[in-house]
Amino acid sequence: MATNVNAEFVIIGDTFDPDIVTQRLGIEPQGYWVKGEKNANAHTERKDTNWWIHTDYEHSFDIMRQLSKLMSILQKKKNILKKLKTTYDLEYLFLVVINVEENEKPAIALDSSFINFASDIGAEFAVDLYIY
């Protein structure tokens, strides 16, 4: 196996309608859940509402490759994202998941266009790193 990376953009809020987010953004999510729904894996209720899109896992040596794919979808939606954030008190998260195989470590560096975009929409950034 080779090192692989995926990137996700997650919208998090207490209570918002995922269908409204989908409609306003014009983007179909890869998934969502609603606060109060049963989490089948943990047999608990969801504590918030989430809506997300993501890239596929790909062999990569630079996380900006995956983040750029998300940015190409989201950049033209910046004003809509800012309006949704204030209207529904939402949080935005860019999450990169890295599965390191055979000691192949990708670059974890963010370019200025990503930093500026994430800042403009008030997004946070996180990395989950798994070493096998």
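Tutor: Let us begin with Glu102, which lies in the loop between strand 7 and helix 4. Helices (H or I, at least four residues) and strands (E, at least two) are DSSP runs, numbered from the N terminus. Residues are numbered from 1 along each chain as its sequence is written, and side-chain values use heavy atoms, with hydrogens and water left out. The model is predicted: local features need pLDDT of at least 70 and side-chain atom pairs count only at pLDDT 80 or more, while totals for chains, interfaces and linings use all residues.

Glu102 has a phi near 50°, a positive value in a residue other than glycine. Asn103 lies in the loop between strand 7 and helix 4 as well, and its phi, about 60°, is positive although Asn103 is not a glycine. Glu102 is exposed, with a relative accessible area of 59%, and Asn103 is exposed with 58%. Here exposed means over 50% relative accessible area, buried under 20%, and partly exposed in between (1.4 Å probe, protein chains only).

Strand 7 itself is mostly covered, as 9 of its 10 residues are buried. Two strands pair if DSSP finds at least two bridges between them. Strand 7 pairs with strand 1 (residues 4–13) in the antiparallel sense over 9 bridges; there, Asn6 stands opposite Val97 of strand 7. Strand 7 also pairs with strand 8 (residues 123–131), in the parallel sense over 9 bridges, and the bridge partner of Phe94 in strand 8 is Phe125. From strand 7 the chain crosses through helix 4 to strand 8, and this β-α-β crossover is right-handed. A crossover is called right-handed if, with the strands pointing away from the viewer, the path from the first strand over the helix to the second runs clockwise.

Rings of Phe, Tyr and Trp (its six-membered ring) pair if their centres lie within 6.5 Å; planes under 30 degrees apart count as stacked, over 60 as edge-to-face and the rest as tilted. By this rule there are 6 aromatic pairs. In one of them, the ring centres of Phe94 and Phe114 are 4.9 Å apart and the planes stand at 75°, so the pair is edge-to-face.

Phe117 is buried, as is Phe94. Phe94 and Phe117 belong to one aromatic cluster with Phe9, Tyr92, Phe114 and Phe125.

Tyr92, a member of that cluster, has Lys85 over its face, at 5.1 Å from the ring centre. A charge sits over a ring if NZ of Lys or CZ of Arg is within 6 Å of the ring centre and within 35 degrees of the ring normal. Elsewhere, the charged end of Arg46 sits over the ring of Trp33, 3.7 Å from its centre.
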